[in-house]
Amino acid sequence: MKLTLSSSPHQRVRRDTSQVMRLVILAMIPGIMAQVIIFGFGVLIQATIAVITAVITEAAILQIRGRSAKFALNDFSAVLTALLLAVSIPPLLPWWMTILGTFFAIAVVKQLYGGLGFNLFNPAMAGYVMLLISFPAAMTLWLPPQSLASIQPDFVNVLTIIMTGFTESGHSMDQLRMAADGITMATPLDSVKTALSQNYTYPEALDEAIFTNNLNASAGAGWAWVSLAYLVGGLFLVKINVINWHIPTAMLAAAALLSAVFYIADSDSFASPIFHLLNGSLLFGAFFIATDPVTASTTDKGRLVFGAFIGMWVIVIRTFGGYPDAVAFAVIVMNMAVPLIDYYTRPRTYGHTAKRARKP
Amino acid sequence: MTSYQDLTLQGLWKNNPALVQLLGLCPLLAVTATFINGLGLGIATMLVLIGSNITVSLIRNVVRNEIRIPIFVMIIASFVTIVQLLMNAFTYELYLTLGIFIPLIVTNCAIIGRAEAFASKNAVVPAAYDGLVMGAGFTVVLVVLGGLREMLGNGTLFKGADRLFGEVASNWQLTLFTTEHPFLLAILPPGAFLGMGLIIAFKNAIDATLEARKPNSENIITRARVTTES
């Protein structure tokens, strides 16, 4: 029998980076499928554009930095960043904006800080925020869900509108946004925010056509299904231990708790916790964005704090801020706080006494 | 006594107030949304710098060491007031555009830095020349950053040139492209920070290339921010 001496850690690596990244990509499939069913083929085209841009950008920058491009591309992190960005942006965004956002995410936010493992900010969300503040009009143009749309673009038309801004028959983006009754349709978050700012009450805001579905009175048609599909993927990731439960749980609990406080205090001018959880990107962000191992906190206690503060910021910015959704801003703000959180939540080393009295 | 060639090199490149000393970043980042705004503030800063350097140098043997900083600040404030009134009289629209950042030239550390580090220790002519090249170095960075942001954000260059140069310049504006989706990031403050970072990186890259080419360079310890003598 051969005995080998080796230094710690003795546990063998069960998964390498590329396996983790591929599992996350796998877990995104239900959500992406839901987006295709509800919002059309746009998301697939955006994903293709983003992935190609990300891979080319990553290879080019690594070439300039004198690193092995093959090694870095094999870990699939650039592909994952591109996919996360592609599912966050509106499906019919002009192609060059997608390329610009992906390039910014990979070249500036990831590679200029030193590549995978060294970036301070979540690349996909930083790219998203860059696009959002640069092109606020285009970045908030979502098509109505296909069940409510008056014109349903097919695959060819989706492609031509991304590339040229018009369908084959010459319909512009504004015409496509019309719902069946000829009213321009906003996203659920946007429509409630607008209604509340015009002094409508929250129950009145829910009368909009976008909320006509049979899932829940406060869930946007189609949007809630996308969120739930990502929830399924996220739970799968927790189940197979690719991500810890701490961040999603803390984030969703904090968001639900804070919105519940507002809602109980004044249910006419604040949206309900169910509304906040099912609309926008809260569920997607909790499982796929905030859990990024590079930019999130690294201790268990720290992860709880990190997640809870993201949840708090999401509700605060959604309720009082200028933009309808806030996951990207919340994640980026808390990315900055990660070194501080990690400093104060260092776990006790075995053999050293903690400051507090130990429990028996 | 330092040679004029050395002073020029220091002001424009090696010890550039904006790129190396990183002084005066507030106006630098705030007003450089267009080429002309950058040029206007750059020239105003340069005039103040020349004036304050000359005056500080003239009185350097009279002022007691303990109270020199308040005296310098008062001298700088006087010159800023002069420049502000001149701009109010001759370039009124630019004066309105730059707004609070003209009086804020007083707080530009590059100016009091040069008064303390150079003008208070040197004769009038070198001090005036130092003010000129330091101001020019600052202006070049403002103009490059302003030009970059204006090109990326608006697709134009020299927009509003008539505000600085009068009626002659009213058709100087170059339109590189027109778009219905302006790249707002370049015009907003984050674009200024990103652009500034890229310009500094570009300068450092050039320096590194020059350093690598230089044969048998001796290792001299240099400090990035020179506060005593330069």
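Of the 360 residues of chain A, 48% count as buried, where buried means that 20 or more other C-beta atoms lie within 10 Å of a residue's own, exposed means 12 or fewer, and partly exposed is in between, with C-beta atoms placed from the backbone. In chain B, buried residues make up 39% of the 230 residues. This is a predicted model, in which local features need pLDDT of at least 70, side-chain atom pairs count only at pLDDT 80 or more, and totals for chains, interfaces and linings use all residues. Residues are numbered from 1 along each chain as its sequence is written, while chains are lettered from A and ligands numbered from 1 in the order in which they are written.

**Confidence**

- For the complex, the predictor gives an ipTM of 0.76 and a pTM of 0.83.
- Chain B has a mean pLDDT of 84, and 92% of its residues reach 70 or more; pLDDT is the predictor's confidence in each residue, from 0 to 100.
- Within chain B, confidence is highest in helix 4, at 92, and lowest in helix 8 (residues 162–165), at a mean of 75.

**Chain A**

- Chain A has 17 helices and zero strands; helices (H or I, at least four residues) and strands (E, at least two) are DSSP runs, numbered from the N terminus.
- Of the contacts in chain A with a separation of 6 or more, 72% are between residues 24 or more positions apart; two residues are in contact if their C-beta atoms, placed from the backbone, lie within 7 Å.
- Helix 15 (residues 282–289) of chain A is mostly covered, with eight of its eight residues buried. Among them are A:L282, A:F284, A:F287 and A:I289.
- A:F76 sits in the loop between helix 3 (69–73) and helix 4 of chain A. This residue has a positive phi of about 65 degrees although it is not a glycine. A:F76 counts as buried because it has 20 C-beta neighbours inside 10 Å.

**Chain B**

- The secondary structure of chain B comes to ten helices and two strands, and from the N terminus on the elements run α-α-α-α-α-α-α-β-α-β-α-α.
- Its C-alpha atoms fill a box of roughly 60 × 50 × 30 Å, taken along the principal axes.
- A compact globule of 230 residues would have a radius of gyration near 17 Å, and the 19 Å of chain B agrees with that. The radius is taken over C-alpha atoms, and the globule rule is 2.2 Å times the number of residues to the power 0.38.
- Residues 24 or more positions apart account for 78% of the contacts in chain B with a separation of 6 or more.
- Helix 4 (residues 68–90) of chain B has 23 residues and should span 33 Å at 1.5 Å a residue; its end C-alpha atoms are 33 Å apart, which agrees. The expected span is 1.5 Å times one less than the number of residues.
- Buried residues in helix 4 of chain B include B:F72, B:I76, B:F79 and B:V83. Their cover includes helix 3 (35–58), helix 5 (92–98) and helix 6 (109–117) of chain B.
- B:L22 lies in the loop between helix 1 (4–14) and helix 2 (25–31) of chain B. Its phi is near 50 degrees, a positive value in a residue other than glycine. With 16 other C-beta atoms within 10 Å, B:L22 is partly exposed.

**Nonpolar cores**

- The largest nonpolar core has 104 residues, and those with the most contacts inside it are A:M251 and A:V331. Such a core is a set of buried Ala, Val, Leu, Ile, Met, Phe, Trp, Tyr and Cys residues joined through C-beta atoms within 7 Å.
- Helix 4 (residues 77–88) of chain A gives the most to this core, with nine residues.
- A second, separate core of 48 residues includes B:A18, B:A33, B:V80 and B:L98.
- Not counting residues up to four places away in sequence, A:M251 touches A:A286, A:A290, A:G307, A:A308, A:I310 and A:G311.

**Where the chains meet**

- The contact takes five residues from chain A and five residues from chain B.
- On the side of chain A that touches chain B, helix 6 of chain A gives the most, with three residues.
- By class, that side of chain A has four nonpolar, one polar and no charged residues. Here Ala, Val, Leu, Ile, Met, Phe, Trp, Tyr, Cys and Pro count as nonpolar, Asp, Glu, Lys and Arg as charged, and the others, Gly among them, as polar.

**A look at A:Y128**

- A:Y128 lies in helix 6 (residues 123–134) of chain A and is buried, with 26 other C-beta atoms within 10 Å.
- A:Y128 and A:A328 are 200 residues apart in sequence and 7.2 Å apart in space, C-alpha to C-alpha.
- Leaving aside neighbours within four places in sequence, A:Y128 is in contact with A:L85, A:S88, A:I89, A:G101 and A:A328.
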